[in-house]
Amino acid sequence: MIKLFPWKRALRSRTVWFSLIVMLAFSLLAIITPRVAPHDPYKMRVTDFNLPPMWVQSTSAPGVAEYPLGTDRYGRDVFSRLLYGTRTAMFLALTAVPLAAFIGTLIGLITGYAGGRIDAVFMLFTDMLNSLPGIMFLVIIVLIFRGLFTPSWVHGLFTLIVGFAVVAWVSLARLIRINVLQLKSQLFIEAAVGIGASPWRIMTRHLLPNVLHVVLVWIINNIPVVILLEAVLGYIGVGVTSAVDGGEFTVVSWGGMFFSGRSLMSRNPLMLMIPSFSILLISMSFLLLGDFLNGITRRE
């Protein structure tokens, strides 16, 4: 017996369509960023530093249409950096969360089905991990390994992806384990065991399809968590490393904009407000979709 996901019911919801449109817009923007960004986000312009948004026409430093959202203290275009930050945020979230989901699902299936000592050791290990503050553990991982094993073209992003996967898989693995323990007592699992099906076949052909809805909801709910974590780490200076030569893929980030915009809050508050609004919008779309899907899957 496989629990099918209620796609037709989901697609009749306005909440789902709103979330999907926002997600698609951000994903499309991340893909076409190099084509639509008006300026090089790394290029410093000493004559155009600290410019306000173009609609601010003060006598001392009026805004110009060339820089719609103004410039930072190094003369870099805020709007272009916002676009490239979108690419960083989406790439990070859509890579780190599926990686953590893969690890958590695999471990949850194995420990839940195997039971016995394997399950007991897993529970002890996860209790140890849960006793550690997650964000502090992530900071430690990033600080230790960022400069050692990270490919130069992604700088600290690779370490953030691995660090989040190491920290986050535990919660999903526990959820999958609980669901597997409940499914093991079902007649279709007992029938599969009775006809001699291998444990791997039972886990992949019978148990996995029945927990995919849990994995999907977990992924959707944790994507905004990763984006917010990157912003927090960037604000305290522990995120994607900075560079100015333009050869890097994901150096500019929303967290980096928070970090560089702290000193310009009074002159150009949009450097903090615009990334904050972007995080709010993308987080709201994913969380609304996750709550809706979680509700309908529980009722099925």
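These are my notebook entries on a predicted model of one protein chain.

**Ground rules.** I number residues from 1 along each chain as its sequence is written, and I use heavy atoms for side-chain values, with hydrogens and water left out. Since the model is predicted, I take local features only at pLDDT of at least 70 and side-chain atom pairs only at pLDDT 80 or more, while totals for chains, interfaces and linings use all residues.

**Overall fold.** I looked up the secondary structure and found ten helices and zero strands in the protein chain, where helices (H or I, at least four residues) and strands (E, at least two) are DSSP runs numbered from the N terminus. Read along the sequence, the pattern is α-α-α-α-α-α-α-α-α-α. Of the 300 residues, 48% count as buried; here buried means under 20% relative accessible area, exposed over 50%, and partly exposed in between, with a 1.4 Å probe and protein chains only. I noted an accessible surface of about 15,300 Å² for the protein chain, 69% of it belonging to carbon and sulfur atoms; the areas come from the Shrake-Rupley method with a 1.4 Å probe, and for residues only the protein chains shown count as cover. Among contacts (heavy atoms within 4.5 Å) between residues at least 6 apart in sequence, 75% join residues at least 24 apart.

**Helix α3.** I checked the span of α3, residues 78–114, and its 37 residues reach 53 Å from the first C-alpha to the last, close to the 54 Å expected at 1.5 Å a residue; the expected span is 1.5 Å times one less than the number of residues. Gly115 follows α3 with a positive phi, near 65°.

**Salt bridge.** I counted one salt bridge, taking the term to mean a side-chain nitrogen of Lys or Arg within 4 Å of a carboxyl oxygen of Asp or Glu. The partners are Arg177 and Asp119, with their closest N and O atoms 2.5 Å apart. Arg177 lies in helix α6 (residues 157–183) and Asp119 in helix α4 (residues 116–130), so the pair ties together parts that are 58 residues apart in sequence. Both Arg177 and Asp119 are buried, and for Arg177 the relative accessible area is 15%.

I then listed what surrounds Arg177: leaving out residues up to four places away in sequence, Arg177 touches Gly108, Thr111, Gly112, Asp119, Phe122 and Met123. With Gly112, which is 65 residues away along the chain, the C-alpha separation is 4.4 Å.

**Aromatic pairs.** I found three aromatic pairs, using rings of Phe, Tyr and Trp (its six-membered ring) with centres within 6.5 Å, and calling planes under 30 degrees apart stacked, over 60 edge-to-face and the rest tilted. In one of them, Phe26 and Trp254 have ring centres 6.4 Å apart and planes at 85°, so the pair is edge-to-face. This pair links distant parts of the chain, with Phe26 in helix α2 (residues 14–36) and Trp254 in helix α9 (residues 254–261), 228 residues apart. Phe26 and Trp254 are both buried.

For Phe125 and Trp169 the ring centres are 6.2 Å apart and the planes lie at 20°, so this pair is stacked. Phe125 lies in helix α4 and Trp169 in helix α6, so the pair ties together parts that are 44 residues apart in sequence. I compared their covering and found Phe125 partly exposed at 41% relative accessibility, whereas Trp169 is buried at 8%. Phe122, Phe125 and Trp169 form one aromatic cluster.

**Charge over a ring.** I also looked at Lys184, whose charged end sits over the ring of Tyr113, 5.9 Å from its centre; the test asks for NZ of Lys or CZ of Arg within 6 Å of the ring centre and within 35 degrees of the ring normal.

Leaving aside neighbours within four places in sequence, Met54 is in contact with Gly63, Val64, Ala65, Tyr67 and Pro68. Val64 is ten residues from Met54 in sequence, and their C-alpha atoms are 4.6 Å apart in space.
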